[in-house]
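Me: I am new to this structure and would like to know what stands behind the terms used for it. Please show it first.

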Amino acid sequence: MAGVGPMTQDWEPMVIRKKAPNSAAKRDDKTVNAARRSGADIETVRKFNAGTNKAASSGTSLNTKKLDDDTENLTHERVPTELKKAIMQARGEKKLTQSQLAQLINEKPQVIQEYESGKAIPNQQILIKLERALGAKLRGKK
């Protein structure tokens, strides 16, 4: 019991109001049209490059000339032909499909396909798993 003495009720009126509209609701088409009909002042501002990514790509930077002058060929390292053939040969000797080999090393079948087609970027951890599963040396000098 919080108070001492007789309890009384508070009969004062309580006013509950909706939350004031946020900025997104103020820009709603319905709200803007209602303001136009009532004759209120409406300010419209067109944002520069609104909704586009032009600002990030169209501006020339100091690195542009450096990139233009660069003649170096920048490509990812791919699986060498010898490695592709070694994986296919070892898999064939074990009589495994690509899916079965992928399951043995806990990878997706797509990973094995990429290694055997030469599209994969070599990963030492995957090569170690392949060596263990196939029982063949795939890395380093032969």
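Reply: The chain has eight helices and zero strands. Helices (H or I, at least four residues) and strands (E, at least two) are DSSP runs, numbered from the N terminus. This is a predicted model, in which local features need pLDDT of at least 70, side-chain atom pairs count only at pLDDT 80 or more, and totals for chains, interfaces and linings use all residues. Residues are numbered from 1 along each chain as its sequence is written, and side-chain values use heavy atoms, with hydrogens and water left out.

Me: What makes the pair Glu116 and Arg91 a salt bridge?

Reply: A salt bridge requires a side-chain nitrogen of Lys or Arg within 4 Å of a carboxyl oxygen of Asp or Glu. For Glu116 and Arg91 the N to O distance is 2.6 Å, so the pair meets the definition. The two residues link distant parts of the chain, 25 residues apart: Glu116 is in helix H7 (residues 109-117) and Arg91 in helix H5 (residues 81-93).

Me: Why is Glu116 called buried?

Reply: Buried means under 20% relative accessible area, exposed means over 50%, and partly exposed is in between (1.4 Å probe, protein chains only). Glu116 has a relative accessible area of 8%, so it counts as buried.

Me: Which other salt bridges does the structure have?

Reply: The search of the whole structure finds three salt bridges. Among them is the pair Glu107 and Lys129, at 2.9 Å, N to O. This pair also links distant parts of the chain, with Glu107 in the loop between helix H6 (98-104) and H7, and Lys129 in helix H8 (residues 124-134). Glu107 has a relative accessible area of 24%, so it is partly exposed, and Lys129, at 30%, is therefore partly exposed as well. Arg139 and Glu131 also meet in a salt bridge, at 3.1 Å. Here Arg139 is partly exposed, because its value is 29%, whereas Glu131 is buried, because its value is 14%.

Me: How do you know that the buried residues of H7 lie on the same side of the helix?

Reply: The buried residues in H7 are Val111, Ile112, Tyr115 and Glu116. They cover an arc of only 125° around the axis, which means that they are on the same side of H7. The arc is that of the directions from the helix axis to the C-beta atoms. These buried residues pack against H5, H6 and H8. For Tyr115, contacts (heavy atoms within 4.5 Å) beyond its neighbours within four places in sequence include Val79, Ile87, Pro122 and Leu127.

Me: What makes a set of residues a nonpolar core?

Reply: The set consists of buried Ala, Val, Leu, Ile, Met, Phe, Trp, Tyr and Cys residues joined through side-chain atoms within 4.5 Å. The largest one here has 19 residues, and those with the most contacts inside it are Ile87, Leu101, Tyr115 and Leu130. H5, H6, H7 and H8 each supply at least two residues of this core, and the largest share, five residues, comes from H8. In soluble globular proteins, nonpolar side chains tend to be buried together.

Me: How many of the residues of the chain count as buried?

Reply: Of the 142 residues of the chain, 17% count as buried.
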